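Open the model in your viewer and keep the selection panel at hand. This tour goes stop by stop.

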Amino acid sequence: MCCLIESGNITKDIDSLRSEIRDKSVRVIDVRREDDYKQDHISTAVNLPLANLLSDDNPERVLKLVNSMGIDDETPVVVYDDTFGALASRVAWTLEYLGHSDVTLLETTYSHWKSLGLENDSQTPEIQHKEHSMNLQPNILATSDYLESAKTRDDVILIDNRERLNFLEQHIPGAISLPYRTLATKDKILRSKEDMKRLLENRGVTGDSEIITYCGSVGTLSGLAYYALKSVGMPNAKLYVRSFKEWKNLQKPTEKQEDANYWDLSAE
Amino acid sequence: MTISDLKQSASDFAKSKINWARIEEADNFAKTVKLFRQGKYDADSFRRFRLQHGAYGTRMTGDYAMVRVKLPAGEIYPNQFEKLSQLSEQYSIGSAHFSTRENIQLHWVILEDVSEIFRGLTEVGLTSREACGNSVRNVMCSPLSGVCPDEEFDSTPYALATARFFLRNPMAQNLPRKFKFNFTCCEKHGMVRMVDVGLIPQIREMDGTSQRGFKIFLGGGLGNKSFVGHQLEEFTPEEDLLYTSIAVVRIFDRLGDRKNLARNRMRYLVNDMGWEKFQNLVFKERAVVRATQSVITKLEVDHTPNEIKRPIRITDESGGTIPDGYARWFKTNTVKQTQSDYRSVFITLEAGDVTASQLNALADIIREFSSEGKARCGFVQNVALRYVHEGDLPRLYSKLLEVGLAKSGALTMTAPIGCSGTTSCNLALTNSHRLAKEIQRKFLELKLDEDDDLSDSSIKISGCPNSCGQHGIATIGFFGGGGRVGKDMYPNYQMSLGGRSDGDTMLGQTCLRVPAKRVITVILKIIEIFKQNKKSDDTLKSWIHRIVSGNEDSDIKSINDIKKMLDPLIIPPTKEDDPDFYLDYGSDTSYHTKTGKGECAA
């Protein structure tokens, strides 16, 4: 359905992005807070703070935001953050949900980009408004109702991307724990394809299944996991975007690891 | 050893010279886990395999493991700290745990992820191989070896060589039970009499030349039943070290009890056989080993001296104010080294727990402050930073404060040992881990670390009778169990007094059972009784030692006299009066003893 899977490119490497910026053939989105963006950002990047997007992420509003950032159906988009790719993933996923197919994540964080001495400035680019179509992709979204029925199926794997202690304390029954930290390397937001494949295969996560990811509240950590799955070509991944916060508010069943005082090991 | 003030660039920071890891073991482990899950590998064989590779089972679940990473001779390098930090965030609970045997443990690891940890460890030359199971466990060495004012020579190279010799050695893959070597620096430090093989370096003058060797103790150990080890002979020359080690391992392998799980450590063999008979057997076996192996089998002892370079200061902060608490920390956490101008700094962790970010910080701190560029694990779930120049101590203290590692009392009674207890162990009956933390917090608040009368005493807590918390050698020791009032259970500890592991090693004597929520009160009461009855130069340790040895002449003459004074404090209140009494530390649900199958003996 979308070219992400065809090309297999989930992340954009630094060199490619730099040449695309030079060619003016890319729209770069910085999802950090406005203050941080104003101080400095990757040259030509526009700012879409995640909080702004999340304040109202219904498709009509997102479409307006996308148009105002000068993105039409054909514009290649690269998203970055300074939060190991989790915030960028949530924004990328939202664009994908809207029907935008050419969106990738910068392979590293802004801090790392800066520490390498690469181009940044504090100018806000002039943006020409564009018209994007709306072609929603419900197949990449899991709602609580969908999840509740899907997780009874044998071919569905549910992945919890919060930290291990949170998982032990409480999680959606049947979920497996794959903390978001597991997905990254020291300076890349996602580990290499080969490493990711091995990690997932060890855990029994294979392309034969439908895979749903969730995290604490807004689908950032699990957004990153969604892209981790895509990076190794898993065709059928979904994001439970309202995640555990909604699940609990709806008072749906949860599960915990009983009979152990694991929190006392946590050296807080 | 050469001490110089040569400048150091970022690239030549020390890295381990020995690579303990094998990448193929990661692949093999991953494959075996898959086969096991597919039912193609039976549970018993898999458990043995898992333990041999250093992955323990976890409380009440087969889905999680604890990975125990060995740090042979206790040495740990900055890049290893950084890797462990990363692994703890990725596969564990964002923290790691220092054990009493110079291992770092990662808990609550998903079994399928264990091989990924192995893979990460290979990047920094570490392994967990033979950290569990019936093998030669991590070879320990005193954190002060090489710097201790009382030692005759540094035994670290011998500990490393011994670890190297036995790791993956077929002779040590299927012993009747686990087997432990402890090297130390001197009589005062370490616990050479409470281990299968304990070694103190010793120099003998003969015909005008001095010869290196060891005082070797055999057959000691802590456990459900503990024994004090016996000295093999007056002096064992260094060339006999390996032959003696092989001889002892062979005898144990041949004669050790492989059937009775509860009695198969070597100390039972020694005890059943009688020391003299065992001793003779060792001499005979050693003669055979020497005769048959002496040409081909040598211990590879690396005598290259450590490079000692005071790290250069990147910024000059001289003239800065010394933060509050420095004097207290200096007094209770640092010791003078043989090498002038240098001190060793002990960092106390609450019951051995350290966060991922603290592990990272430690890497930087070593690079910035240790002139030997590495750290050593201590004996009591702590870390030692050695070769810190005295002039750098205030700055180091500030750095430690910033990352929450500047707790005082590291070398005093206020830093208790607590095994992992019900936080992750299948056998635990109580949360000994949390109790140790509670005691430390309370006693530091009361500033008991500053009391010279208490500093050479120790508190050690196990969550069950099996002694992982080493309660038997504590001045005040505890092991967990359950107490009962009618139908209601409460967490309870058996308390023993007077244990020690130095030259006068003895096991603590049972005093009485203390409910978990009365442990702190009872210890404070003991201190109070001691203060009322002590002689002027007494410490708590020396006073208790006289009592348990029957040599005390004041009003309090026996353990029983102490018991009588404590009895009123341990009477259980009704559940209505004090519901908290019936809860263990760290738990808000009613207490019950619940255990799974132990794996120590698997």
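How many residues of chain A are in contact with how many residues of chain B? Select the contact between the two chains: 22 residues of chain A meet 33 residues of chain B. Keep in mind throughout that this is a predicted model.

**Stop 1: the chain A side of the contact**

Select α9 (164-169) and α10 (193-202) of chain A. Each supplies at least two residues of the side of chain A that touches chain B. Highlight α9(A) next: with three residues, α9(A) gives the largest share of that side. Now colour the chain A side by residue class. Nine of its residues are nonpolar, six are polar and seven are charged.

**Stop 2: chain A as a whole**

Along the principal axes, the C-alpha trace of chain A spans about 60 × 40 × 35 Å.

**Stop 3: a sheet in chain A, β1 to β6**

Select β1, β6, β5, β2 and β4 of chain A, in that order. These five strands form an open sheet with parallel pairing. Which strands stand at the edges? They are β1 (11-12) and β4 (46-47) of chain A; each has a single partner strand, so one side of each is left without a neighbour in the sheet.

Zoom in on strand β2 (residues 27-30) of chain A. Two bridges pair β2(A) with β4(A) in the parallel sense.

**Stop 4: another sheet in chain A, β8 to β12**

Move on to β8, β12, β11, β9 and β10 of chain A. In that order they make an open sheet of five strands, again with parallel pairing. The edge positions belong to β8 (141-142) and β10 (176-177) of chain A. Each of these two has a single partner strand, so one of its sides is left without a neighbour in the sheet.

Pick Asp160(A); its bridge partner in β11(A) is Tyr214(A).

**Stop 5: chain B as a whole**

Switch to chain B. Count 15 helices and 22 strands here.

**Stop 6: a helix pair in chain B**

Select helix α3 (residues 78-91) and helix α4 (residues 114-122) of chain B. They pack at an angle of about 165 degrees, and their axes lie 10 Å apart. That angle makes α3(B) roughly antiparallel to α4(B). The crossing of α3(B) past α4(B) is right-handed.

Finish with side chains on. From α3(B), show Lys83(B), Gln86(B), Leu87(B) and Tyr91(B). They meet Glu116(B), Ile117(B) and Gly120(B) in α4(B). By class, the residues of this contact are three nonpolar, two polar and two charged.

Conventions: Residues are numbered from 1 along each chain as its sequence is written. Chains are lettered from A and ligands numbered from 1 in the order in which they are written. This is a predicted model: local features need pLDDT of at least 70, side-chain atom pairs count only at pLDDT 80 or more; totals for chains, interfaces and linings use all residues. Two strands pair if DSSP finds at least two bridges between them. Helices (H or I, at least four residues) and strands (E, at least two) are DSSP runs, numbered from the N terminus. Axes are lines fitted to C-alpha atoms, for helices over the stretch in contact, and angles run from 0 to 180 degrees between N-to-C directions. Angles under 35 degrees count as roughly parallel, over 145 as roughly antiparallel, 65 to 115 as roughly perpendicular and the rest as oblique. A crossing is left-handed if the near helix is turned anticlockwise from the far one by less than a right angle, and right-handed if clockwise. Two residues are in contact if their C-beta atoms, placed from the backbone, lie within 7 Å. Ala, Val, Leu, Ile, Met, Phe, Trp, Tyr, Cys and Pro count as nonpolar, Asp, Glu, Lys and Arg as charged, and the others, Gly among them, as polar.
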